[in-house]
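Dear colleague,

Please find below the structure that I am handing over to you.

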Amino acid sequence: MFQIKNEAQRATVYLYGTIGADFWDMDSSNTAKTFAATLDELSPKPLDIRIDSCGGDVYEGFGIASAIQRYEGETTAYVDGIAASAASYIAVMADKVIMSDFAQLMIHDAWTYTSGNAAELLVAAERLEAVDGTIAGIIAARSGMDVEDVRAAMDAETWYDAQAAVDVGLADEIVQTEQRVAACIDPAMLARYKHAPKAAIEALSAPKAEEPAKSHAANSMQENEGSRLLVLGNRVYRTKE
C-alpha cells in the first residue's frame, strides 16, 4: 500500500512497489481504486508522486494514470529509483517529471499469460497489440516523441537513465547527487591525506554559514548560482534548471 504525506500546503504520495495487487506481498500493492480515492481526498493541493516501481498490471496502471490526469492540482512525479513498465506511463502523466541522476525508466511491449486454441491465441495477440498502441500513444503525447519511435523503443525494451529520459522528453529535470563530507572532520587532519579532495578541504575550511532555525526541516530548497540545492534527509542533490 502506498504511503501518504498530507501537509498544509502540499501532499506527497509514495507509489512504491507493484502496480495493482501483489499476491506475494500485499503491502507492496498499489491499486487504482485506492489510489484514485486518495487523490480525490488530496485535491486540489499541489501533489508530489514519488515512484519506485518495476510495474505490474497494465489496466491498473491505466486507472492510476487516469487519476493523475484528472487531478485538479499541480502534479510532479519524482522517479526515486525506477519507473518501469506500467510505472513508466504513470510517471509521464504528471505535469512535471523529475528523476534522480541514478534513477531508471523503462518501456517495453505488454505481455501476458494465455492458453487456448489458435483462434483464442490470435485474439490474445490482437489485444496485446492494442494495449501496446495505447501505451505508445500516452508516452508519445506526453514526451513529444513520434509514436513510431516509441513503438520501436518498446519493442526493444529500452532503459533510460535520467539524462537519456530528459533528452527524449520523458523527464524534465534531473536531481544530481553531490558528494558530502562530514562537518565533524577536522580540515587539518583531512589535509594530511594526499588523496583528500581539495574541494572537500576548502569546504571544511570555509567560514560556517549561519545555521537555519530548523536544522531537521524536511525537503528544503535554496538558490545556488542559477541552480537549486535539494536537501533530502542527509543527502544533498542539485537540480538542473
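Is the crossing of H2 and H4 left-handed or right-handed? The crossing of H2 and H4 is left-handed, a term for a near helix turned anticlockwise from the far one by less than a right angle, with right-handed used if it is turned clockwise.

This is a predicted model, in which local features need pLDDT of at least 70 and side-chain atom pairs count only at pLDDT 80 or more, while totals for chains, interfaces and linings use all residues. Residues are numbered from 1 along each chain as its sequence is written, and side-chain values use heavy atoms, with hydrogens and water left out.

Helix packing

Helices (H or I, at least four residues) and strands (E, at least two) are DSSP runs numbered from the N terminus. The axes of H2 and H4 lie 12 Å apart at an angle of about 30°; axes are lines fitted to C-alpha atoms, for helices over the stretch in contact, and angles run from 0 to 180 degrees between N-to-C directions. H2 and H4 are therefore roughly parallel (under 35 degrees; over 145 is roughly antiparallel, 65 to 115 roughly perpendicular and the rest oblique). Val58, Tyr59 and Phe62 of H2 meet Val131, Thr134, Ile135 and Ile138 of H4, contact being heavy atoms within 4.5 Å. These residues divide into six nonpolar, one polar and no charged (Ala, Val, Leu, Ile, Met, Phe, Trp, Tyr, Cys and Pro are nonpolar, Asp, Glu, Lys and Arg charged, and the others, Gly among them, polar).

The axes of H1 (residues 32-42) and H2 come within 9 Å and cross at roughly 5°, so these two helices are also roughly parallel. Ala32, Phe35, Ala36 and Leu39 of H1 make the contact with Glu60, Gly63, Ile64, Ala67 and Ile68 of H2.

H4 and H5 (residues 147-155) pack at about 120°, with their axes 9 Å apart, and are therefore oblique to each other. H4 passes H5 in a right-handed crossing.

The second largest pocket

This pocket has a volume of about 640 Å³. On a 1 Å grid over the protein atoms alone, a pocket is an open set of points where a 1.4 Å probe fits, with protein on both sides within 12 Å along at least five of seven lines; lining residues have an atom within 4 Å of a point. Of its 24 lining residues, the closest to the centre are Gly56, Asp57, Val58, Trp111 and Thr112. H4 supplies the largest share of the lining, six residues.

Technical notes. Grid points are joined across faces, edges and corners, and a volume is the space filled by probe spheres set on the points.
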